[in-house]
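Below are a few notes, point by point, to read alongside the model.

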Amino acid sequence: MSSPVWHPFTQHALEPAMRRIVQTDGACLIDDSGSRIFDAISSWWVITHGHRHPAIMAAIQAACENYDQIIFAEYTHEPAEELARGLLRIAPQGLSHVFYSDSGSTCVEVALKMALGFFHNSGAQRRRICVLEHGYHGDTIGTMSAGERGVFNAAYEPMLFGVDRLPFPKPGQEQETLDAFERFCATGDVAALLIEPLILGAGGMLTYPASVLSELKRIAERHGTLLIADEVMTGWGRTGTVFACEQAGVAPDILCTSKGLTGGALPLAATLCTAEIFEAHLSADRRKTFFHSSSYTANPIACAAAVANLNVWDDEPVRQRIGALEVMQAEKLARFAADPRFGNVRQTGAITALDLTVPAGGYLSEVGPKLRAFFRERKLLIRPLGNVIYLMPPYCVTAADLDRAYDAIDEAAAWFAAGRL
Ligand SMILES: *Cc1c(COP(=O)(O)O)cnc(C)c1O
C-alpha cells in the first residue's frame, strides 16, 4: 500500500517499505509483527536513558492535566522557569540565560543570531562565523551554511552564506587548526566559532582531543570572538559527561542543547548564553530586542518532560550507568582494534565508531545502504554514515544487546570481504 508520507533523509525510489513501529520499550522498538528491534542509535541520537522512561512519561501525563501550548511572550509558566534554573545548575559555569526553541537546528540558528546580535547591538559589527571542517549543525538554511558542504546541500548552495572553515584537527595536525583560527580571528571580523565539542556527529563520528577545544577557546577569548558549543548531539552524557565542554574545562559563551534534553521523549531545544550577551540586547531602544520566536517556544509539556529528565539525572545513578556503558563499549570494541577490515576504531564516552575498509568511502558509499539492510534483517537499528559504522545506544542497553550488535558488525565485515554485501 502506498503512503503519502515523505520521510526524512529517505530516497523513496530505493528504500523498502517502512517498518511500522507500534511501541517503544527500553532500548528497543517493537514493530507490528511483534519483533523487538535494538535501537543502537537511540532513534537518531535523542533517546538517552531508554525509550519511555517511566518518570518522564509520568511527568508528561501530569503536565497534560494543566497545559497545552501557551504563548511565551508576555507569559511564562513553571515548567519553563524550573527547567531554566535546572539547566543553569547543570551546564558549564558562566551561562546565565536560557532561550527556548524546538529543535537542534533552531537552537543553533538562535545561537548564530545571538552572536551577531551581540556585536550589532554593541556597535562593533562582526560579519564572519568560523566552523570546523566536517561539522554538522542542522538542515535549515543557516545551519546548512555553517555545516559541511556536499551532496546534502548542493541544490541549495546559491542560497547558503559563506563561513570560515578550520581544517579538522587530525592527529598530529592540531596546530594547523589552531593557526587557521588565529589567522581568521586576527581579521577582527569573526563573531563566533561554532563547533561540536569532542566529536563531530553527522560528519562521520570524527573525534578530536579536548585540548584542541581548550586552545580554540583561549584564542577566541584573546580576540573577543564568542564560542558557540553545539552540544545538540554531545549533550546529556553521550561523551561521558553531561556536556562535552566539561572535559575541556571550557565555558562556552553560548551552548546549544536539544536531542537528549527531554530524554528524547518530546521535541524541545534551548540556547544558553552569558549575561553579557543577554545584556547587549537589553535596552530602552526596542530595536535591540532579540527578534526570534518559534510558535511552540517552551512548550510546557516538553518543558515538564525536560524537568523530569533533570530529576532522573539527580535521582538515578545515570553517571555510573554511563561509566559502566563506556567500559562495556570499550571491551566489546576491542576485538576490532587491530582488525585490518576496519580503520579508525574509536570511542568517545558511550559512542563507538569504526570505518569499514572499502575502496570508496564517503556518505554515498554504496556500502552504507547495504550495511543498513544487513542490520535491519537482523533486527538491529544501525545506520552507518557511508562506511562509518557507529553505535550510540541508550544507557539502559544490556550486554546481550551490544553483543548482538558487535557480532553483526563482525559478520557484516565477513560478508563484505566475501563479496556478499
Ligand atoms: C542533530 C543535530 C543538529 C540538528 O538537530 P535537529 O533537531 O535535527 O534539527 C544540530 N547540531 C548537531 C551537532 C546535531 O547532531
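1. Let me start with Arg 341, which counts as partly exposed because its relative accessibility is 24%. Please keep in mind throughout that this is a predicted model. Arg 341 pairs with Asp 339 in a salt bridge whose closest N and O atoms are 2.8 Å apart.

2. A second pair worth a look is Asp 355 with Arg 346, a salt bridge with 2.9 Å between the closest N and O atoms. Where does each side chain sit, buried or exposed? Asp 355 is buried at a relative accessible area of 19%, under the 20% cut-off. Arg 346 is buried as well, with a relative accessibility of 6%.

3. Next comes the salt bridge between Arg 378 and Glu 411, where the closest N and O atoms are 3.3 Å apart. This pair links distant parts of the chain: Arg 378 belongs to the loop between helix 11 and strand 15, while Glu 411 is in helix 12 (residues 399-417), and 33 residues separate them. Glu 411 counts as partly exposed, because its relative accessibility is 32%.

4. Salt bridges with shared partners also tie Arg 335, Asp 339, Arg 341, Asp 407 and Asp 410 into one network. The count of salt bridges comes to 20.

5. Now to the second largest pocket, which holds about 1,200 Å³ of space. It is lined by 31 residues, and those closest to its centre are His 7, Met 18, Arg 19, Ile 21 and Arg 383. Which helices and strands each supply at least two residues of this lining? They are helix 1 (42-45), helix 11 (367-377) and strand 15 (380-381). By class, the lining has 17 nonpolar, eight polar and six charged residues.

6. Phe 9 is in the segment before strand 1 (21-25). With a relative accessibility of 40%, Phe 9 counts as partly exposed, because that value falls between the 20% and 50% cut-offs.

7. Finally, a residue from the interior: Leu 213, in helix 7 (residues 210-223), counts as buried because its relative accessibility is 0%. Leu 213 and Leu 178 are 35 residues apart in sequence, with a C-alpha to C-alpha distance of 9.4 Å.

Definitions and conventions
Residues numbered from 1 in each chain as written. Predicted model: local features only at pLDDT ≥ 70, side-chain atom pairs only at ≥ 80, totals over all residues. Heavy atoms only, no water. Helix = DSSP H or I, 4+ residues; strand = E, 2+ residues; numbered from the N terminus. Buried < 20%, exposed > 50% of the residue type's maximum accessible area, 1.4 Å probe, protein only. 1 Å grid on protein atoms, 1.4 Å probe; cavity = no way out; pocket = protein on both sides within 12 Å on 5 of 7 lines; lining within 4 Å. Points joined across faces, edges and corners; volume = space filled by probe spheres on them. Nonpolar A, V, L, I, M, F, W, Y, C, P; charged D, E, K, R; others polar. Salt bridge = Lys/Arg side-chain N within 4 Å of Asp/Glu carboxyl O.
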